[in-house]
Amino acid sequence: MMQQIDNYKQEMTAFEATTAEAAEAFRIKYLGTKGIVKAVMGEIKNVPNDQKKAFGQILNEFKQFAEARYEVLKESTVNGQPSTVNSIDISLPGTPVAIGTRHPLSIVRNQIVSIFKRLGFAVAEGPEIEDDWHNFGAMNLPEDHPARDMQDTFYINQHPAWLLRTHTSSVQARVMEAQRPPIRVICPGRVYRNETISARAHCFFHQIEGLYIDENVSFADLKQTLYFFVQEMFGKEVKVRFRPSYFPFTEPSAEMDISCLICGGSGCTVCKHTGWVEILGSGMVHPKVLQNFDIDPEKYTGFAFGMGVERVCQLKYRINDLRLYSQNDVRFLRQFTGAV
Ligand code: 2U9
């Protein structure tokens with residue numbers, strides 16, 4: 001009987017009335033003298049005496065349920081208006097769903113990653129909290145290198161052997177630990193440096209580093225790969241130049257400039273009237289770094305490069321204050337709605 005009462009309730013809830021006649025049909029079916037509610041109430045005579053009180057309460061509640069439903073159906077068909085209770089008015093305009101915008105750094109990172117993916121580079125990620133070996137030791141940074149200084153690197157107070165990675169090279173180190181050449185990988189991610197925050201410096205920023213190790217990888221491969229990247233990123237007309245440089249993890253090392261996107265090379269404030277702007281650092285992987293991972297430098301060679309995503313973003317969108325990236329100001333972020 002309890003099951004039967006539940007079924008009737010469901011039936012009543014599902015009953016829709018678009019006309020007064022339909023509401024009346026409901027009344028006759030459920031509340032009429034020969035209706036379902038009366039019939040169910042008649043069952044009380046078959047219930048044992050000690051359960052009569054409890055069952056009586058259930059029957060009363062059932063009757064009230066039917067009456068309340070009838071009132072709703074009747075009300076909603078007044079003036080011949082169809083019932084909107086329990087139904088959706090599909091002619092109403094939808095509730096707008098606020099769609100955010102991709103962060104400019106994500107847009108630029110995705111563009112860079114997709115260019116290198118087309119060249120066959122895999123993507124690897126790693127921890128932001130690192131140990132000294134993966135961040136510094138394996139990268140051939142001497143014990144007294146200034147980057148290891150507390151003034152430049154964030155060390156974890158409770159665990160001084162750990163630090164916040166200062167570059168994503170630590171991810172390449174982990175790849176080299178786990179894999180044998182050929183290795184062709186790019187590592188995007190956030191890195192940390194102990195800097196006072198200003199328009200031109202921040203205590204964290206984003207890098208993309210790349211590493212390619214195989215037999216017969218040469219400086220020509222490095223140049224052509226990075227030239228291809230620049231043309232895809234900034235356009236075919238952009239020129240590049242390499243300047244000799246120094247990094248402990250590469251030898252020889254070079255920094256790459258591109259012709260100024262703003263003035264086309266004729267000289268402006270962005271390129272400080274030189275016609276060139278620096279975009280990334282690069283070089284042939286130092287033999288000691290290869291040896292640190294039991295890769296024979298006589299058999300294998302490789303090139304590596306690193307760039308700041310904020311820097312590429314600055315050149316592409318002319319964003320000249322690093323703090324804008326992390327202030328969460330929607331007036332800044334909404335300007336990138338059209339970008340993918
Ligand atoms: C391994 C071996 C070598 C990665 C490299 C640079 C040059 C470089 C800077 C660019 C701007 C850092 O974001 S920045 O401040 N990076 O100039 N990075 S070569 O060299 C590696 C990496 C991993 C195993």
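**Notes on the model**

1. Thr225 sits in helix α8, residues 219–234, and counts as buried at 14% relative accessibility. Buried means under 20% relative accessible area, exposed over 50%, and partly exposed in between, with a 1.4 Å probe and protein chains only.

2. A word on the basis: this is a predicted model, in which local features need pLDDT of at least 70 and side-chain atom pairs count only at pLDDT 80 or more, while totals for chains, interfaces and linings use all residues. Residues are numbered from 1 along each chain as its sequence is written, and side-chain values use heavy atoms, with hydrogens and water left out.

3. Now the ligand. Of the 19 residues around it, Gln207, Phe247, Gly281, Ala304 and Gly306 come nearest (a residue is near if one of its heavy atoms lies within 4 Å). The protein covers 87% of the 570 Å² of accessible area that the ligand has on its own (Shrake-Rupley method, 1.4 Å probe). Gln207 also places a polar side-chain atom 2.8 Å from a ligand oxygen.

4. Which element gives the most to the shell around the ligand? That is β10, with 5 residues. At least two residues each come from α7 (169–178), β6 (204–214), β9 (276–285) and β10 (301–308). Helices (H or I, at least four residues) and strands (E, at least two) are DSSP runs, numbered from the N terminus.

5. By residue type, the shell holds 9 nonpolar, 8 polar and 2 charged residues. Ala, Val, Leu, Ile, Met, Phe, Trp, Tyr, Cys and Pro count as nonpolar, Asp, Glu, Lys and Arg as charged, and the others, Gly among them, as polar.

6. On the overall layout, the domain assignment, automatic or from a database, gives domain 1 (2–84) and domain 2 (104–339). Their centres, taken over C-alpha atoms, are separated by 73 Å.

7. Finally, Ala20 belongs to helix α2, residues 20–31, and is partly exposed, at 45% relative accessible area.

Notes:
Polar contact = N/O pair within 3.5 Å; in protein donor to acceptor, adjacent residues only side chain to side chain.
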